[in-house]
Amino acid sequence: MLGMLVLIARRLGQSALVLLVMSLLVFVGVFAIGDPLAILVSPDATPEEIARSARELGLQQPLWQQYLLFLQQALQGNLGRSFAHGEPAMALILERLPATLELAISATVIAIVLGIPLGLWAGLRPRSLSGQSIMAGSILGFSLPTFWVGLMLIMLFSVWLGWLPASGRGPVQSVLGLPLSLGSSEGWRHLLLPALNLALFKLALIIRLVRAGCIEALRQDYVRFARAKGLHPRRIIGVHVLKNLLLPLITVIGLEFGSVIAFSIVTETIFAWPGMGKLLIDSINVLDRPVIVAYLCIIVLLFTLINLLVDLLYVLLDPRLRPSTATPQRAGT
Amino acid sequence: MSARELLRGFQRSHLAMAGLSLLALLLLLALAAGVIAPQNPYDLAQLDITDGRLPPGERLGSGALALLGTDDQGRDMLSAILYGLRISLLIGTGSTLLALAIGLTLGITAAWHGGWIDALIMRVADIQLSFPAILIALVLLAVFGQGSDKILLALVAVQWAYYARTVRATALVERGREYIEAARCLALPGWRILLWHLLPNCLPPLIVVATVQVASAIALEATLSFLGLGLPITEPSLGLLIANGFSYLLSGKYWISLFPGLALLLLIVSLNLVGDRLRDLLDPRLQ
């Protein structure tokens, strides 16, 4: 148990270090390379406002003090006000976070729910027509740009068939204090296309991973023994094969969650989904820099958290990586 | 492996051969765009706004046939696609070659010197690769502004780490081989061993990575242009053409987005098919 705690503490320390380095990079980008007043103060501010902001940012102080101040402000979530919206940039982004998370999590769920069975199917029958078609589909899913697939989805399902809405989020309901669209059928209809679009790349990845892992596992001795023992194929696949697939799968799904959030920038822009990715693009287009800086800080924090969680999950799931809980007893004592 | 052997390797797979032919055709079309395109889409004097949004197969005011329709500016889509293909290919291969040169230099330096230089280069590559390429490119474009040179810079910045990693891994293996030892025994100078003996043997895996990377660079450029952060509208790449038609998609004017989209699809798929086959042929572990 103690070993586990030490391990967690060490991982936390590493994450804190990465965060510190990244904050330094963001600081250098904003304060040392750029002109912080041009970046963080609205272009149509009065001279008094500019002077006040310069004081607040501590621009007359030495650079290391400016960094400490920046760090302190960032920790308090105070990263300047959006030029376009007049609200604190951090609050603006956090307000959009639930929409992005909802989209990203739905996409991940779609990818898992479809990807594992399809990958298993292709792995169990690698030479069959269906297996080959699944693989061909996954290659397409890999190489097609997300925005292109999004366009095709809109063209097919919204414009030609008219089944699903092409943009927006639809009505949201408060679920456990978070505004989500999963509460109503109209919300579901709005969520389906963007989630599918975002899921596609991940789906292709999971199919490949599961298929390769399945083919690999079927050759292993433990599967042969399980067969020789006369176990039902369903049990062999469901327990012996899947269990060994779980670890790489969780790593990839976990690590890829960050890239789902990154790619939601594209999907949100296409489907006008009001998440933080769309906010970022809108902000870049109107040069609303405080929001860009705030987004950067949040995304770095998010990535570090995801990496940390995946690391810890890994240790939890793979007993071999766990620090030994008890000192081994010497024989005879 | 000689070029003839490679070609024979391609001929054994119908799919790879189809990809190669398609790629050759697209390259040819892009190169000959200035000759075969019915119209110069960059010359605003040739455009007539009253020709705007004509469906495929209609005739322009000048009597010329708009085989794939026109966009909102009255630009012939076929011409725009041919020129756009050229720009996408130019940016994709240009950025890939630049990133390849940088990654090759850094990777081989890391493997040759080892020690803290190796550690520094590889840590930077690791940190960079832990973030998705699109995010890094977006941040760079947000900080440095937009334009052709900026997008080239962003594409190089997101790619170099792949090459550095691939080259380093290969060079570390090759460095321990007997021919390097033999060269050392001949007391050849270090730079000569590095350039004449080590470098050529690190190239095959790089070529494979580069082919697939050209495809993803083109896709990334198209994505960035689609988001409005890429190339200027005066010389649209495929991504920008698609973005341009996006607003008309919902009103049923599909051709402005669909046809450049199909061109992009063919380009990316053919590059991937060729890259896959090259990997099969050049990677000795797969044979």
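**Exercise 1. Contacts along chain B**

Task: Among contacts in chain B between residues at least 6 apart in sequence, find what share joins residues at least 24 apart.

Solution. Start with the term: two residues are in contact if their C-beta atoms, placed from the backbone, lie within 7 Å. Keep the pairs in chain B at least 6 apart in sequence; of these contacts, 69% join residues at least 24 apart. Now turn to chain A. There, residues 24 or more positions apart account for 69% of the contacts with a separation of 6 or more.

This is a predicted model, in which local features need pLDDT of at least 70, side-chain atom pairs count only at pLDDT 80 or more, and totals for chains, interfaces and linings use all residues. Residues are numbered from 1 along each chain as its sequence is written, while chains are lettered from A and ligands numbered from 1 in the order in which they are written.

**Exercise 2. Elements and confidence**

Task: State how many helices and strands chain B has, then find which of its elements has the lowest mean pLDDT.

Solution. Helices (H or I, at least four residues) and strands (E, at least two) are DSSP runs, numbered from the N terminus. Chain B has eleven helices and two strands. Their order from the N terminus is α-α-α-β-β-α-α-α-α-α-α-α-α. Next comes pLDDT, the predictor's confidence in each residue, from 0 to 100. Chain B averages 82, and 91% of its residues score at least 70. Strand β2(B) (residues 65-66) has the lowest mean among the elements of chain B, 68. Helix α4(B) (residues 77-113) has the highest, 89. The model as a whole scores ipTM 0.78 and pTM 0.82.

**Exercise 3. A helix checked by length**

Solution. Now look at its cover. A residue is buried if 20 or more other C-beta atoms lie within 10 Å of its own, exposed if 12 or fewer, and partly exposed in between, with C-beta atoms placed from the backbone. In α11(B), 20 of the 28 residues are buried. For chain B, 45% of the 287 residues count as buried.

**Exercise 4. Where the chains meet**

Task: Find which helix of chain A gives the most to the side that touches chain B.

Solution. The contact takes 25 residues from chain A and 29 residues from chain B. In chain A, α7 (146-160), α10, α11 and α12 (289-317) each supply at least two residues of that side. Helix α10(A) gives the most, seven residues.
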